[in-house]
There are 2 protein chains.
Amino acid sequence: MNLYDPFVPQLINTLGQALQWLSKARVLAEQKKFDIDVLLAARLAPDQYPLVRQFQILSDGAKFTAARLAGVTPPVFEDNEKTIEEVRVRLEKTIAWLKTLEPAQFEGADTRTVTLPFAPGKGLKGIDFLARLGLPNFYFHATTAYAILRHNGVDVGKMDFLGEVPFFDV
Amino acid sequence: MNLYDPFVPQLINTLGQALQWLSKARVLAEQKKFDIDVLLAARLAPDQYPLVRQFQILSDGAKFTAARLAGVTPPVFEDNEKTIEEVRVRLEKTIAWLKTLEPAQFEGADTRTVTLPFAPGKGLKGIDFLARLGLPNFYFHATTAYAILRHNGVDVGKMDFLGEVPFFDV
């Protein structure tokens, strides 16, 4: 099976939904008249990464999951975002790069051996990398970012998380 | 591609990790001398489901994702848990049922049309149901349950979320 479809479109979909959460955060900030950028430091526990880092790791999670399966070197994104607008740009750049990928690059990805810089001497079969590390990690950070915003009163719900689901008529 | 492996083992892995979070919650409750069952009502926003409901939906999410792909009718679990121990039993029953499934039941699941009671007249290709609805919804509730516990001081971290990742030596 070629892992490009539906897994890469779904990474793009979720990142696009994260942009929607930022738009809803702006609505709240304007309504309550606070500086939206205070949200960057928001976290659910003192030893948890704050919101800005959740979005950076989310961006990297999507990027590296796709890159490792495709066997390509992705662009470097400096983790230097200081405003919600810069986080927006980070997510948009990630989506734009994912959109340059093509299914042909993913042929054989399911059985390819993926190695990781933080696990020297170890490998994962491509499909196991996707299903047992890449996707859970990506959704962990997506949901954590969402939860921090939700906890701070941003008007987001399940449909804002799921985004587009490709139903057809039966 | 047969969707059983690695996706069903990964559902089982994540539910097993949820059991670990409950064990860690018990450690905290004993340390701080509070009734562990107060955590069932914990939530991150007043209009969000509380922890007990997050675990019920997590159980259903795993169960229905696997059942719809396999084309089988799963057991009914009443959403009547009133204690953390009952939540534990719910998760264990879910894991036990998932372990009765076999790869042969998933042949053709990737292209099977899945229909859903809440989307009358609509269908999803099996692989799209998995990747664009089943898994994101499952991880959304797993991470939300985790986040509620984390926010309440339970000593859980990323490794407690990911659980077992099937690395091999290279």
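**A few notes for every view.** Residues are numbered from 1 along each chain as its sequence is written, and chains are lettered from A in the order in which they are written. Since the model is predicted, local features need pLDDT of at least 70 and side-chain atom pairs count only at pLDDT 80 or more, while totals for chains, interfaces and linings use all residues; side-chain values use heavy atoms, with hydrogens and water left out.

**View 1. How the two copies sit together.**

View 2. Three strands make an open sheet in the order β1(A)-β2(A)-β3(B), with antiparallel pairing. Strands here are DSSP runs of E with at least two residues, helices are runs of H or I with at least four, and both are numbered from the N terminus; two strands pair if DSSP finds at least two bridges between them. β1 (113–114) of chain A and β3 (168–169) of chain B stand at the edges with a single partner strand each, so one side of each has no neighbour in the sheet. β1(A) pairs with β2 (residues 122–125) of chain A over two bridges, and A:V114 stands opposite A:L124 in β2(A). α4(A) packs on the sheet, touching β1 and β2 of chain A, and its direction makes about 90° with that of β2(A). Contact means heavy atoms within 4.5 Å; axes are lines fitted to C-alpha atoms, for helices over the stretch in contact, and angles run from 0 to 180 degrees between N-to-C directions.

**View 3. The largest pocket.** A pocket is an open set of points on a 1 Å grid over the protein atoms alone, with protein on both sides within 12 Å along at least five of seven lines; a cavity is a set where a 1.4 Å probe fits but cannot get out, and lining residues have an atom within 4 Å of a point. The volume of the largest pocket is about 690 Å³. Of its 31 lining residues, A:K158, A:L162, B:I57, B:N137 and B:H141 lie nearest the centre. α2(B) gives the most to this lining, with nine residues.

**View 4. The second largest pocket.** This one has a volume of about 490 Å³. Its lining counts 20 residues, with A:R68, A:F118, A:L133, A:N137 and B:K158 nearest the centre. Two or more residues each come from α2 (51–70) and α4 of chain A and from α5 (158–162) of chain B. α2(A) gives the most, with seven residues.

**View 5. The largest cavity.** About 40 Å³ is the volume of the largest cavity. Its lining includes B:L3, B:F7, B:T65, B:F106 and B:L135. α1 (4–32), α2 and α4 of chain B each supply at least two of the lining residues.

**View 6. The second largest cavity.** Here the space comes to about 30 Å³. Among the residues lining this second largest cavity are A:L3, A:F7, A:T65 and A:L130. α1 (4–32) and α2 of chain A each supply at least two residues of the lining.

Terms used: Points joined across faces, edges and corners; volume = space filled by probe spheres on them.
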